[in-house]
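Please look over the sequence and the three-dimensional structure below, and keep both at hand while you read the paragraphs that follow.

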Amino acid sequence: MMTMDMNQPPQDVIRLEKISVRYRLPGEQIHTFKEYVIRLVQKQIQFKDFQALKEVNLQIRKGEIFGIIGNNGAGKSTLLKVISRVLVPTQGRVWIKGKVSPLLELGAGFHPELTGRENVFLNGTILGHSHREIEEHMHEIIEFSELGSFIDASLRTYSSGMYARLGFAVATTWEPDILILDEVLSVGDEAFQRKCQMRMKGFRNGNATSILVSHSMEAVRSLCERAAWLDHGTIRAVGPADEVIAKYRQAQAGA
Amino acid sequence: MCVNIMKISEGPIYDSARRGPVALEEFRGIFQYRDLIYQLVRKDIVSRYKRSVLGIAWTLLQPLAMMLILLLVFSTLFQAIKGYPAYILSGLIAWTFFAQTTSAIINQIVWGGALLKQIYVPRTSFGVSAIGTGLVNLALSLIPMFLIMLLADVPFRWGLLFLPVAILFLAAFALGVGLIISTMAVHFPDVAEMYSIVLMAWMYLTPIVYPENIIPETYRFWFFNINPMYHIIKIFRMPILDGMLPDAMTLIAAGAVSSLTLILGWLFFSKRADTFAYYL
């Protein structure tokens with residue numbers, strides 16, 4: 001196990017400077033090309049701007065498990081997309097050191113007709129690993145996912161729990177530089193959830209940084225040192241998880 | 001609990017303020033993610049045939065069946081062409097590659113849409129992998145092609161060795177067109193529907209089942225020169241049927257059109273790629 005050098009000041013792995021994300025929603029949904037051209041000619045396209053994030057500044061340090069809390073539609077998922085480089089912000093600067101591995105949603109990056117083993121290769125290469133690296137860790141992945149001989153069965157025969165176990169196993173077999181977990185720790189049975197949490201805590205002692213989005217305050221409190229509270233696209237509070245959760249709860253009670 | 005610590009490396013640094021051109025980033029990405037492209041091609045081929053009894057044999061049977069149908073319909077009309085079955089099949093193989101890959105790129109981007117919203121991968125990898133799948137199918141359909149050549153008394157000549165160059169042009173052109181169409185389809189789903197109609201018209205405007213000389217002399221120049229697929233199919237077909245290379249003009253025209261289309265498509269796609277996640 002790696003131990004962090006306590007004498008060194010914590011290093012940032014993510015720096016967000018004045019990040020704004022504006023979705024441009026047409027006033028009415030325009031779906032056909034014809035409609036678009038007609039309206040363009042008539043100059044009738046009205047865009048409603050939806051500001052998903054407003055000038056967000058955030059630093060996340062190496063090795064921490066960072067929680068993000070907030071109500072639905074507060075911009076949590078958008079923030080994660082900016083960090084995973086999926087969404088290029090309308091404004092602001094993103095600085096990221098290391099490779100970001102999001103834990104993919106159920107089904108994304110998997111193909112139901114392929115076997116579990118074939119899907120491990122597909123999913124693993126999507127995460128940016130080479131064929132060779134995946135081969136080397138295949139045994140470990142199968143073991144962690146507890147799939148046994150099901151690994152060579154078609155994915156369409158899997159239960160959703162099996163899906164999730166396989167996905168988590170692939171995503172976390174390599175210690176990622178930055179692991180992104182969007183409301184995913186609610187899958188699988190309790191034993192498996194404990195196993196996932198163990199693995200995440202193991203990462204904390206190493207080099208990996210994890211970002212956890214959750215509605216479960218318990219999960220955030222028990223796993224994260226620091227957290228941020230997002231509200232309508234802005235950060236309302238950032239700091240030790242306990243304090244941020246307390247502020248969030250206070251505001252919820254007040255509202 | 002044992003956690004493998006694979007790399008203590010610092011990892012790459014991404015800084016949105018110091019970003020090179022996206023087109024170049026995509027190009028480098030294709031190389032870095034080459035194993036992903038292999039897996040995507042594999043997924044397409046394996047999943048397509050997994051549940052069918054004849055499996056991959058369908059790739060051989062489909063062009064053959066299509067050729068037979070066209071042969072039955074048109075043979076009395078175009079009897080004069082020597083080795084007519086080989087004429088149809090060679091044109092059909094090239095056209096099928098073009099039609100299938102360009103449509104597949106659109107579907108790939110849509111399949112990849114769920115992914116593109118969650119994780120960064122080079123966005124062109126879906127297009128490149130569609131071409132890869134098409135190339136595998138093309139290589140397989142050359143087997144019935146050679147069989148028909150034997151049956152239709154078309155001799156095998158050295159000119160056949162030029163075929164890979166023709167395939168390269170074809171693939172470059174298809175990738176370019178596919179990237180442009182799929183970029184448009186991300187913004188307007190109707191484009192996909194429109195494109196299938198365009199494809200149908202385009203096929204009949206290209207001499208695939210009929211010989212070139214049925215087009216009246218006066219129109220021929222314009223008719224063929226505004227259609228890039230005419231030149232590309234010609235340089236695909238000539239080594240097979242006549243065992244020789246097309247003239248320099250045709251070669252230059254086809255090479256220029258396909259490389260320009262690819263560059264244009266790549267730039268256009270890359271320019272819009274950052275916004276895909278907003279639309280998909």
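**From the core to the chain contact**

Of the 138 residues in the largest nonpolar core, those that touch the most other members are A:Ile83, A:Ile180, A:Ile211, A:Ala227, B:Leu170, B:Ala174 and B:Ile232. A nonpolar core here is a set of buried Ala, Val, Leu, Ile, Met, Phe, Trp, Tyr and Cys residues joined through C-beta atoms within 7 Å, and a residue is buried if 20 or more other C-beta atoms lie within 10 Å of its own, exposed if 12 or fewer, and partly exposed in between, with C-beta atoms placed from the backbone. Helix 4 of chain B supplies the largest share of this core, 17 residues. The model is predicted, so local features need pLDDT of at least 70 and side-chain atom pairs count only at pLDDT 80 or more, whereas totals for chains, interfaces and linings use all residues. Residues are numbered from 1 along each chain as its sequence is written, while chains are lettered from A and ligands numbered from 1 in the order in which they are written.

Leaving aside residues up to four places away in sequence, A:Ile83 touches A:Ile14, A:Ile96, A:Val100, A:Ile180 and A:Ile211, where contact requires C-beta atoms, placed from the backbone, to lie within 7 Å. A:Ile83 is also one of the buried residues of helix 2 of chain A. Why is helix 2 of chain A largely enclosed by the rest of the structure? Seven of the eight residues of this helix (residues 76-83) are buried, and therefore it is largely enclosed. Helices (H or I, at least four residues) and strands (E, at least two) are DSSP runs, numbered from the N terminus. Just after helix 2 of chain A comes A:Arg85, with a positive phi of about 70°.

Helix 4 of chain A (residues 131-145) bends by about 55° at A:His137, the bend being the angle between axes fitted to the seven residues ending at a residue and the seven starting there. A:His137 is itself buried, as are A:Ile134 and A:Phe144, among others in this helix. The buried residues of helix 4 of chain A pack against helix 3 (116-126) and helix 5 (160-173) of chain A.

Turning to the two chains together, their contact takes 43 residues from chain A and 37 residues from chain B. On the side of chain B that touches chain A, helix 2 of chain B gives the most, with six residues.
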